[in-house]
Amino acid sequence: MQKNSRDKRLYFLELLDRLSKEIVSISNRINHRWGVVFRSRTFFMITSLVISLVIWLFVAFNGETEAAKTITANVKYVNMPKEYSIYAPVREVEMRVTGRASRISGLSENDIAAIVDLANLSAGEYSLPIRLLHPPFVRVMDSTPTDAKVELFRNVERTFEIQPVIIGEMPEGKIVSSVSFSPSECTVSGREADVLSIDGVYADVPIGSLKDGNKVRVKIKMNMLNGKNGNYERDMLTLSPKETIAAVTFENETIGERIPVKVSVVGKPADGFQIETIKIVPESVSVKGSSKAVRKMQSLVLPPVDITGLEDDIQIMLPLKPQNLEEGVEISGPERASVEIHLSKKIITKTISSVPIVIVGKEHGKEWHITPKEVSVIVEGPQKAVETLTNLSLPCELYVDVSNIVSTQVELPVLVRNLKKEIQIVNTEPEHVSVTLINK
């Protein structure tokens with residue numbers, strides 16, 4: 001070894017000698033001005049100093065001096081007990097090593113091993129020393145970390161059938177008939193306690209993201225018994241596979257609803273009559289079919305009934321089928337519906353003016369003066385009866401009763417007597433009149 005070192009120094013001295021001679025040769029070939037500089041005593045002193053410094057550096061750093069180096073090594077966990085798995089966040093160790101420069105210059109992480117021994121351990125959490133294995137010519141000054149926290153646990157597996165969760169809006173008038181997955185099962189492996197806390201696995205199936213053939217790649221998630229659903233990120237649980245292909249089959253949405261039965265009428269009843277009620281039996285029917293078609297049916301409208309000139313109540317039977325039934329819609333119920341139309345006399349009101357007022361209950365020898373002597377009467381009744389009424393053909397008699405009146409002037413209400421049948425007095429205007437005694 002010493003002989004090889006001396007040979008290297010002799011070779012380097014010879015090289016420096018040849019370099020000096022070359023410098024002198026170059027100085028002789030340049031112009032006279034610069035040649036004087038190169039041949040000066042100062043130039044040779046500087047050159048000698050540089051050569052001496054280079055020789056000293058060569059001798060000082062010839063590979064025999066001490067040097068330091070920082071290196072990172074991967075941590076290896078050995079002697080793992082059977083049927084157990086490990087959770088160990090420490091993966092690397094950083095260390096500072098020293099040794100001869102010629103030796104450690106080529107040192108790599110493959111030359112140093114960081115070992116954590118798991119022999120004879122059972123399930124639980126531990127803090128174990130990290131043992132460093134390195135070549136004998138290397139000294140470890142320090143390392144970080146010096147211990148590794150590990151957790152040993154029994155590793156188990158459970159296989160679940162993937163359940164679909166439909167998200168997004170359905171196409172109009174469609175429902176999901178079936179969802180299949182390929183693969184259809186997922187195996188969850190990891191720490192026994194964590195695996196046992198899984199209630200099942202599922203995949204969100206976004207309806208709006210379906211591709212050709214109504215398929216989409218989806219991520220598998222877990223239902224946890226503790227209610228924390230979703231992706232379980234801890235390293236102790238592993239899903240296989242993590243994704244699956246969802247294939248969705250649609251079918252027309254079929255719904256059942258109950259809708260009212262309606263009927264329309266054409267024409268008008270006889271003069272003086274009006275429709276009081278229209279009764280339909282059944283009042284509603286059940287319809288079933290595609291959602292799109294059923295939702296268009298707000299009611300079931302029967303064929304129209306002509307009531308032109310009608311004077312009496314009628315009852316007719318009509319088929320329970322609309323003229324334009326939506327395709328794919330079924331009606332549940334009887335084949336025919338009963339329609340009863342009840343009429344009533346048309347009631348109107350009329351104002352009759354200048355209706356005279358008579359005085360009843362007069363004592364002998366007394367005369368009374370009425371102000372005003374005539375009033376307006378608002379009457380109500382059947383159209384035919386009311387339209388013929390005038391102040392000459394009144395349906396009643398208006399009067400005031402002066403019986404037992406001792407005052408010479410008093411306000412008395414206008415009273416009605418002998419009122420015709422079906423006629424009602426709604427009001428008189430005014431409702432009271434002034435009665436004055438004019439002689440005794």
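Strands, like helices, are taken here as DSSP runs numbered from the N terminus, with a strand (E) needing at least two residues and a helix (H or I) at least four. The model on your screen is predicted, so local features need pLDDT of at least 70 and side-chain atom pairs count only at pLDDT 80 or more, while totals for chains, interfaces and linings use all residues. Residues are numbered from 1 along each chain as its sequence is written, and side-chain values use heavy atoms, with hydrogens and water left out.

**Stop 1: the cavity**

Begin by selecting β22 (347-360) and β24 (374-382), each of which supplies at least two residues of the lining of the largest cavity. A cavity, on a 1 Å grid over the protein atoms alone, is a set of points where a 1.4 Å probe fits but cannot get out, and its lining residues have an atom within 4 Å of a point. Grid points are joined across faces, edges and corners, and the volume is the space filled by probe spheres set on the points. A search of the whole structure finds one cavity of 30 Å³ or more, and the largest cavity has a volume of about 40 Å³. Show the side chains of I352, V355, V377, V379, L394, P395, C396 and L398 to see its lining. These residues divide into eight nonpolar, no polar and no charged, where Ala, Val, Leu, Ile, Met, Phe, Trp, Tyr, Cys and Pro count as nonpolar, Asp, Glu, Lys and Arg as charged, and the others, Gly among them, as polar.

While β22 is still selected, pick out S354, which has its place in that strand. Its phi is near 60°, a positive value in a residue other than glycine. S354 has a relative accessible area of 37% and is therefore partly exposed, on a scale where buried means under 20%, exposed over 50% and partly exposed in between (1.4 Å probe, protein chains only).

**Stop 2**

Two strands count as paired if DSSP finds at least two bridges between them, and β4 (residues 113-117) pairs with β6 in the antiparallel sense over three bridges. To find one of these bridges, select A114, whose partner in β6 is L132.

Now colour the largest nonpolar core, which has 23 residues, with Y77, M95, V116, L118 and I130 having the most contacts inside it. Such a core is a set of buried Ala, Val, Leu, Ile, Met, Phe, Trp, Tyr and Cys residues joined through side-chain atoms within 4.5 Å. Two or more of its residues come from each of β1 (66-78), β3 (92-100), β4 and β8 (147-167), and β1 gives the largest share, four residues.

In strand β3, select T98, which counts as buried at 13% relative accessibility.

**Stop 2: a four-stranded sheet**

Another open sheet, of four strands, has the order β18-β15-β17-β20, again with mixed pairing. Its edges are β18 (300-306) and β20 (330-332), each with a single partner strand, so one side of each is left without a neighbour in the sheet. Three bridges join β17 (residues 284-290) to β20, and these two strands run antiparallel; V287 has I331 as its bridge partner in β20.

**Stop 3: backbone details in the loops**

The peptide bond from S182 to P183 is cis, with omega near 0°, and P183 is found between β9 (174-182) and β10 (185-191). The bond from S240 to P241 is also cis, with omega near 0°, and P241 lies in the loop between β13 (237-240) and β14 (243-252). Lastly, select N418 in the loop between β27 (415-417) and β28 (424-429), where phi is near 60°, a positive value in a residue other than glycine; N418 is exposed, with a relative accessible area of 60%.

How values were computed: On a 1 Å grid over the protein atoms alone, a cavity is a set of points where a 1.4 Å probe fits but cannot get out, and a pocket is an open set with protein on both sides within 12 Å along at least five of seven lines; lining residues have an atom within 4 Å of a point.
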